[in-house]
Amino acid sequence: MPGRSGRLPCCCGSAGGGLFVAYNNVSDHSAEVLLKIQIRNSGRKAFKGVVEYELQQPDGQQVASLNSVIRIKPGKSTYSSDKLTVKGPMLWSPENPALYNLIVRIRDEKGKPIDGYRRRI
């Protein structure tokens, strides 16, 4: 089990770590959301699990999702780089300031939630 608390910390908001989001090929037809997350295993055992990404429109409707397998040695950190594609994105403008919700979950190999958070993008 990772860490004393059973949690595998995501380096959210800490120096040198966290979730980085960028956008590519944005149009009225589609947009690519580029994701890079740093995850640290502060436990004494190797960790195997998945990073789950879920992107929701402002009304809560899911528009994209992705699971990425991760393996992390004890006391080490790793990066996972992924891409979500959104068809017909709601583009932000001053007249329509739509922000999506990006939900990130870390699950162990049995599917148990270990960590996670939500960010408006």
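How many bridges join β6 to β7? In this predicted model, in which local features need pLDDT of at least 70, side-chain atom pairs count only at pLDDT 80 or more, and totals for chains, interfaces and linings use all residues, seven bridges join the two strands, which run antiparallel. Residues are numbered from 1 along each chain as its sequence is written, and side-chain values use heavy atoms, with hydrogens and water left out.

The protein chain has zero helices and seven strands (DSSP runs, H or I of at least four residues for helices and E of at least two for strands, numbered from the N terminus). Four strands form an open sheet in the order β4-β3-β6-β7, with antiparallel pairing; two strands pair if DSSP finds at least two bridges between them. Because β4 and β7 stand at the edges with a single partner strand each, one side of each is left without a neighbour in the sheet.

Of the 121 residues of the protein chain, 40% are buried (under 20% relative accessible area, 1.4 Å probe, protein chains only). Beyond its neighbours within four places in sequence, Leu102 is in contact (heavy atoms within 4.5 Å) with residues including Leu19, Leu35, Tyr53, Leu84 and Tyr117.

Conventions. Buried means under 20% relative accessible area, exposed over 50%, partly exposed in between (1.4 Å probe, protein chains only).
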